[in-house]
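Let's take a friendly look inside a protein model together. Have the sequence and the 3D view ready, and follow along.

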Amino acid sequence: PMILLFNDYSPRNGFLDLILFGEKFKAIRLSEVNDINPPTKTEWGYDGQFYAQIALDPLIIRDDTVHALDNAVYRTRRVGLPFLAFLLGAGKPLWVLQVYALLHFVFCAILLLMLYHYVGFRHSRDFLLAVSILWSSGTLASLSLALPDLPAVTLSILAAFLIAKRNIAASCLGFAALCKETAILSFPLFLWPEKKENIKLRQFFLPCLIMILPFAAWLFYIHLKIHCGAVGGINNFAFPFFELIHKFAIEIGLLFRGFPFTGMADASCEMVCLLSLLAQSLYLIGKPRLHSPFWRMGIGFAVLLYLLGSAVWVNQFTYSRVLLPLTVCFNFLIHKYERNRSYKVWYFIGNIGMLWMCVNTVYMAVIHLRAGL
């Protein structure tokens with residue numbers, strides 16, 4: 001993660017290179033952004049540019065904020081991180097954008113501290129757990145593209161660790177849902193008590209309100225403010241198994257097509273990543289552990305894998321981020337329950353496909369360093 005931070009820092013722009021603004025959206029983006037004139041190195045940029053602009057007007061008071069977004073209803077649902085950036089940046093546009101870019105790395109540091117506090121780094125498997133989470137494709141994609149996946153997952157993990165403090169844990173999950181709505185799949189954390197814990201039905205009521213009410217109220221608010229846009233994104237979901245099988249067919253076709261070699265290499269990386277995620281999903285489905293908070297947090301994402309649509313299966317930048325909670329929960333579960341050879345086999349199969357972006361990040365850092373010399 002620190003390599004990404006180093007690569008994208010410049011004395012002139014600070015950390016704004018982490019937000020990929022696109023040339024195509026320059027004409028419609030907020031005037032404050034154009035006044036700052038952040039680096040615009042690609043034609044289309046990436047989704048982080050929209051969340052960064054929401055951070056300049058998190059309550060969507062201005063009409064030009066809606067016009068600056070590619071899908072206003074869809075983007076504004078993820079207000080948690082932009083709103084936090086707005087507060088920490090004191091509403092000043094340049095500060096807000098810099099804070100938004102850096103917040104993802106702050107959450108990465110929080111996640112590392114949580115691992116140190118709750119797991120410790122006493123054994124080799126503890127370090128392997130940290131590597132599998134912090135250096136996975138999903139984590140690195142979230143950091144490098146300034147997207148809310150990692151912050152949402154970090155808050156969900158904190159909720160799992162604090163499950164005994166139910167209201168605090170529910171607050172973490174509620175904010176996670178405001179960062180990214182798929183965090184609601186982690187709400188089953190509260191649907192099963194811990195071992196030897198006798199919780200009455202009424203004790204579930206307040207945590208459920210804390211989790212659901214802020215997100216529901218925000219959805220109601222933005223649907224009053226904005227009356228256009230696809231509610232669930234475009235082609236994000238599909239008939240079970242259909243797009244997953246289609247994705248495998250595409251990558252197998254590229255492999256058998258032969259040259260160019262780069263195309264074969266990319267297809268191989270995609271295939272291995274898909275197989276690793278499939279192994280993670282099958283592990284959670286095949287070994288149900290209702291009393292484990294990480295199983296309850298991850299099982300929804302294990303099922304989600306089979307329902308994702310073509311827009312998500314474009315490349316592992318996308319689907320590894322969406323399924324990052326699955327990767328995290330899988331690794332926590334094998335860390336706790338698997339031993340000796342079983343642990344090694346599951347760790348290898350479940351994580352070998354997640355390391356491509358780590359290798360690629362190091363490679364790009366070397367190129368960047370050589371260019372600077």
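Six nonpolar, three polar and three charged residues make up the lining of the largest cavity. Here Ala, Val, Leu, Ile, Met, Phe, Trp, Tyr, Cys and Pro count as nonpolar, Asp, Glu, Lys and Arg as charged, and the others, Gly among them, as polar. The model is predicted: local features need pLDDT of at least 70 and side-chain atom pairs 80 or more, while totals for chains, interfaces and linings use all residues. Residues are numbered from 1 along each chain as its sequence is written, and side-chain values use heavy atoms, without hydrogens and water.

Among the lining residues you can find Asp149, Lys180, Phe301 and Arg321. Two elements, α10 (149-161) and α16 (316-322), each give two or more residues to this lining. The largest share, four residues, comes from α10.

Now zoom out to the protein chain.

| Feature | Value |
|---|---|
| Secondary structure of the protein chain | 19 helices, zero strands |
| Buried part of the protein chain | 52% of 373 residues |
| Volume of the largest cavity | about 80 Å³ |

Helices (H or I, at least four residues) and strands (E, at least two) are DSSP runs, numbered from the N terminus. Buried means under 20% relative accessible area with a 1.4 Å probe, protein chains only. A cavity is a set of points on a 1 Å grid over the protein atoms alone where a 1.4 Å probe fits but cannot get out, and lining residues have an atom within 4 Å of a point.

Terms used. Buried < 20%, exposed > 50% of the residue type's maximum accessible area, 1.4 Å probe, protein only. 1 Å grid on protein atoms, 1.4 Å probe; cavity = no way out; pocket = protein on both sides within 12 Å on 5 of 7 lines; lining within 4 Å. Points joined across faces, edges and corners; volume = space filled by probe spheres on them.
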